Structures are given as C-alpha cells and as structure tokens.
Amino acid sequence: MAIVELSDAVLVKDYVAGNEKALEVLIKRHQSRIYGFIYSKISDTDISNDIFQDTFIKVIKTLKSNSYNEEGKFLPWVMRIAHNLIIDHFRKNKKMPLFRETEEFSIFSIMSDEELNIENKIILEQVETDVRKLLEELPADQKEVLVMRMYQDMSFKEISEITGVSINTSLGRMRYALMNLRKVIDKHQVILTN
C-alpha cells in the first residue's frame with residue numbers, strides 16, 4: 001500500500017518508529033486546513049507561516065518524546081496546538097481576535113479587543129474556568145462537536161469527516177450540546193459575563 005493511503009494513526013506510528021517520510025505525508029495531507037485555520041485568525045501571511053511552523057515543531061517534539069496519545073484524533077490535536085499558539089500570539093501582542101457574533105457563539109465571545117484591566121482579567125479567567133467545567137458535564141459526543149466547532153473553528157463537514165458521523169448527526173449533537181449547556185448553566189446558576 002502506498003504511504004499516502006495510510007491513516008493518520010499509522011503514519012504517526014511510522015514517524016515515531018523513525019520514518020521521516022510519514023511526517024511529510026501528514027503535513028502535506030493537512031497543511032491547507034491547518035494553515036487556512038491559522039490565517040483566518042491572523043490575516044498576516046508571515047505570522048501565519050511562523051505559527052504554522054511552530055505548530056509542527058511542537059508536533060515533532062511531542063511525537064519524539066512519546067507523549068502523544070493516539071486516539072485517531074491527529075488533526076483535532078494539531079488544530080488545538082495551532083489554536084493555542086494563535087492565542088499566545090495575541091497575548092504577546094496584547095490584541096484579542098475579533099469573533100464572528102452569532103446567536104450560538106455569544107456565550108463564547110466573552111473577550112473584547114480593548115485593553116483588559118486586572119479586574120477584567122480575573123473575571124475573564126474565572127469565566128473561562130467556569131465554561132471548561134460546564135463543558136465537562138456534557139456527554140462526550142456533544143462536547144467533542146462543540147469543542148471542534150467553537151474552539152477549533154471547524155465546519156460541520158469537517159467535524160462529520162473526523163468523527164465519522166453524518167453532517168446531520170453533527171448538527172444534532174451541536175444543538176443538544178447547546179441546549180444541555182444552557183441547562184447546566186441554569187442548574188449551577190453560573191453567570192458568564194465580563
């Protein structure tokens with residue numbers, strides 16, 4: 001079988017075993033999606049290229065140190081690394097990204113692009129902690145779709161490909177996740193505001 005036809009999991013295993021070509025195939029396979037995600041947040045070619053390279057430097061370090069836990073989730077894992085590096089970039093430059101405002105996204109668009117004072121930073125950190133705790137109360141399949149959609153900015157088509165379910169199932173899981181999240185917020189009487 002040609003190396004290009006191998007699954008991500010097999011390619012990761014081959015790379016860890018010493019096959020450098022396997023990583024090259026993984027990068028080529030996912031580079032447009034990962035770079036596109038980074039560029040959609042940064043809108044600067046040079047910075048996007050730097051973050052893309054930093055993402056794969058972290059991927060290589062993690063794989064080489066045998067601390068990657070293969071669960072068939074290579075792409076979401078790499079997207080999470082890229083997402084974290086984007087956040088680091090904005091923190092370093094004291095700029096927050098602009099979020100698209102939609103009815104479903106309003107709970108997550110709690111950051112503003114104005115300078116945060118100490119009080120707002122503490123409140124923001126508490127809100128982020130509260131949201132993470134609330135997400136843990138969702139069923140695993142709903143949490144997975146919500147995280148991919150909201151935090152990794154994946155389309156429902158991408159989510160369905162990665163999770164192996166139909167787009168309608170992904171949409172349904174997202175809908176139930178949001179409904180259940182509202183119930184959990186009400187149950188715990190959590191106030192998500194800054």
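**Exercise 1. Overall fold and burial**

What percentage of the 194 residues in the protein chain is buried? State also which secondary-structure elements the chain contains.

*Solution.* The model is predicted. Buried residues account for 36% of the 194 residues. The chain has eight helices and zero strands, and its pattern along the sequence reads α-α-α-α-α-α-α-α. Of the contacts between residues at least 6 apart in sequence, 55% join residues at least 24 apart. The accessible surface of the chain is about 11,700 Å², and 51% of that area belongs to carbon and sulfur atoms.

**Exercise 2. Aromatic pairs**

Classify the ring pairs F52 with F56 and F74 with W77, and place each pair in its helix.

*Solution.* Step 1: the search of the whole structure returns four aromatic pairs. In one of them, F52 and F56, the ring centres lie 5.2 Å apart and the planes meet at 55 degrees, so the pair is tilted. The class follows because planes under 30 degrees apart count as stacked, those over 60 as edge-to-face and the rest as tilted.

Step 2: F52 and F56 both belong to helix α3 (residues 45–64), where they are four residues apart, about one turn of the helix. Both F52 and F56 are buried.

Step 3: F74 and W77 also form a tilted pair, with 5.9 Å from centre to centre and 55 degrees between the planes. They lie three residues apart in helix α4 (residues 74–92), about one helical turn. F74 and W77 are both buried.

Step 4: F52 and F56 belong, with Y35 and Y39, to one aromatic cluster.

**Exercise 3. Salt bridges**

For the salt bridges D8 with R29, K28 with E24 and E136 with K143, determine the closest N and O distance and the exposure of each partner.

*Solution.* Step 1: side chains of opposite charge can pair when their charged atoms come close. The count for this model is 11 salt bridges.

Step 2: in the bridge between D8 and R29, the closest N and O atoms are 2.7 Å apart. Because D8 lies in helix α1 (residues 8–16) and R29 in helix α2 (residues 20–42), the pair ties together parts that are 21 residues apart in sequence. D8 is buried at 17% relative accessibility, whereas R29 is partly exposed at 31%.

Step 3: for K28 and E24 the closest N and O atoms are 3.1 Å apart. These residues are four apart in helix α2, about one helical turn. K28 is exposed at 56%, and E24 is partly exposed at 34%.

Step 4: E136 and K143 bring their closest N and O atoms to 2.7 Å. E136 is exposed at 54%, while K143 is partly exposed at 25%.

Definitions and conventions. Residues numbered from 1 in each chain as written. Predicted model: local features only at pLDDT ≥ 70, side-chain atom pairs only at ≥ 80, totals over all residues. Heavy atoms only, no water. Helix = DSSP H or I, 4+ residues; strand = E, 2+ residues; numbered from the N terminus. Buried < 20%, exposed > 50% of the residue type's maximum accessible area, 1.4 Å probe, protein only. Contact = heavy atoms within 4.5 Å. Areas by Shrake-Rupley, 256 points an atom, 1.4 Å probe, with all protein chains shown as cover. Phe/Tyr/Trp six-rings, centres within 6.5 Å; stacked < 30°, edge-to-face > 60°. Salt bridge = Lys/Arg side-chain N within 4 Å of Asp/Glu carboxyl O.
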